[in-house]
Amino acid sequence: MERVPILKLGDILIVSIQIDLDDQSVLALQEDLADMVVSSGARGVIIDITAVEIVDSFIGRMLSTIAAMTRMLDAETVVVGMRPAVAITLVELGLSLGGVRTALNLEKGVAMLEHVRGAAG
Amino acid sequence: MSGPQELPIVTNGDVVLVRQQVRSLAAEIGLSLVEQTKIVTAASELARNALVHAGGGRVLIQVLEGGRRPGLRLVFSDEGPGIPDVDQALTEGWSTAGGLGLGLSGSRRLVDEFDLVSAPGEGTRVTVTKWAR
């Protein structure tokens, strides 16, 4: 199983998925992120899926779970970089990723987190 | 082009290998990027189904040539417990493994042809086909 690295930039955690995710790596990422949100006190998480060629129901559920989980730990999650073909496929599969914030790219994702925090703070 | 090939589905890593092989053949026969993504996503769902519900299985991957358009056919089979009520299993939101229940119903929407044969104690065979446009 490969582990997805988690980077910290200020109070944001950045995860860029560059591997072909198997189910074990997906579960490991959820746990690693929960631990790291708490230990680092991060207020935002960005998951970059630019390099992800497919999002099936398992990976889609992971994104929803991470968003819900980090929200409980006082951090917002934004998923960035979804490919158009992935978006089309997800909708047809029946997954709308409810509760998951998305932005087109990393820059917009960071701006979205700042906006969310500005509105909350 | 290559003949039919069979891949085992026994571990999580095998699911990834099935996805990669399907992607590579789908690109080779000229499916568009969206069509490739759909068939690979369906393959991922069905491979995981075989792994989770039947403890493993296999997939036969066939390139269909000679017709008006090329196509890709995937036959997933396992010797698991089988599906007692196929109609129910194809209903969106129906899940026995605690998932979202999108595996079968969702995969069916992602492909051009979908056939499911199963009976209790006799395993499950799902055949899906995607044609190039």
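1. In this predicted model, helix α2 of chain B is mostly covered, with 17 of its 22 residues buried. From its first C-alpha to its last, α2(B) reaches 31 Å, close to the 32 Å expected at 1.5 Å a residue. The residue that follows α2(B) is B:Gly55, and its phi is positive, near 75°.

2. The largest nonpolar core has 58 residues. Helix α2 of chain B, residues 33–54, supplies the largest share of this core, namely 8 residues. The residues with the most contacts inside the core are A:Val45 of chain A together with B:Val22, B:Ile39, B:Ala43 and B:Ala47 of chain B. In soluble globular proteins, nonpolar side chains tend to be buried together.

3. Which residues does B:Ile39 contact, leaving aside its neighbours within four places in sequence? They are B:Val22, B:Ala26, B:Leu31, B:Leu72, B:Leu110, B:Val111 and B:Lys130.

4. The contact between the two chains takes 18 residues from chain A and 25 residues from chain B. On the side of chain A that touches chain B, the elements giving two or more residues are α1 (23–40), α2 (57–72) and α3 (84–93) of chain A. Of these, α3(A) gives the most, with 6 residues. By class, the side of chain A that touches chain B holds 7 nonpolar, 4 polar and 7 charged residues.

5. One helix pair joins the two chains directly: α3(A) packs against helix α4 of chain B, residues 103–110, at an angle of about 125°, with the axes 8 Å apart. Because of that angle, α3(A) is oblique to α4(B). On the α3(A) side the contact is made by A:Thr89, A:Glu92 and A:Leu93, and on the α4(B) side by B:Gly106, B:Arg109 and B:Leu110. These residues divide into 2 nonpolar, 2 polar and 2 charged.

6. A:Ile54 lies in the loop between β3 (44–48) and α2 of chain A. Is A:Ile54 buried or exposed? A:Ile54 counts as buried because it has 26 C-beta neighbours inside 10 Å, and the cut-off for a buried residue is 20 or more. Not counting residues up to four places away in sequence, A:Ile54 touches A:Val86 and A:Thr89 in chain A, and B:Arg19, B:Thr37, B:Val40, B:Thr41 and B:Ser44 in chain B. The C-alpha atoms of A:Ile54 and A:Val4 are separated by 16 Å, and these residues are 50 apart along the chain.

7. Within chain A, α1(A) and α2(A) pack at an angle of about 10°, with their axes 10 Å apart. That angle is why α1(A) is described as roughly parallel to α2(A). From α1(A) the contact is made by A:Asp23, A:Val26, A:Gln30, A:Leu33, A:Ala34 and A:Val37, and from α2(A) by A:Phe58, A:Ile59, A:Met62, A:Thr65, A:Ile66, A:Met69 and A:Thr70. By class, the contact of α1(A) with α2(A) has 9 nonpolar, 3 polar and 1 charged.

8. A last point concerns B:Glu28, which is placed in helix α1 of chain B, residues 12–28. B:Glu28 counts as partly exposed because it has 13 C-beta neighbours inside 10 Å. The C-alpha atoms of B:Glu28 and B:Gly106 are separated by 25 Å, and the two residues are 78 apart along the chain.

Notes. Residues numbered from 1 in each chain as written. Chains lettered and ligands numbered in written order. Predicted model: local features only at pLDDT ≥ 70, side-chain atom pairs only at ≥ 80, totals over all residues. Contact = placed C-beta atoms within 7 Å. Helix = DSSP H or I, 4+ residues; strand = E, 2+ residues; numbered from the N terminus. Nonpolar A, V, L, I, M, F, W, Y, C, P; charged D, E, K, R; others polar. Core = buried A, V, L, I, M, F, W, Y, C linked by C-beta atoms within 7 Å. Buried ≥ 20, exposed ≤ 12 C-beta atoms within 10 Å, placed from the backbone. Expected span 1.5 Å × (residues − 1). Axes fitted to C-alpha atoms, helices over the stretch in contact; angles between N-to-C directions. Parallel < 35°, antiparallel > 145°, perpendicular 65-115°, else oblique.
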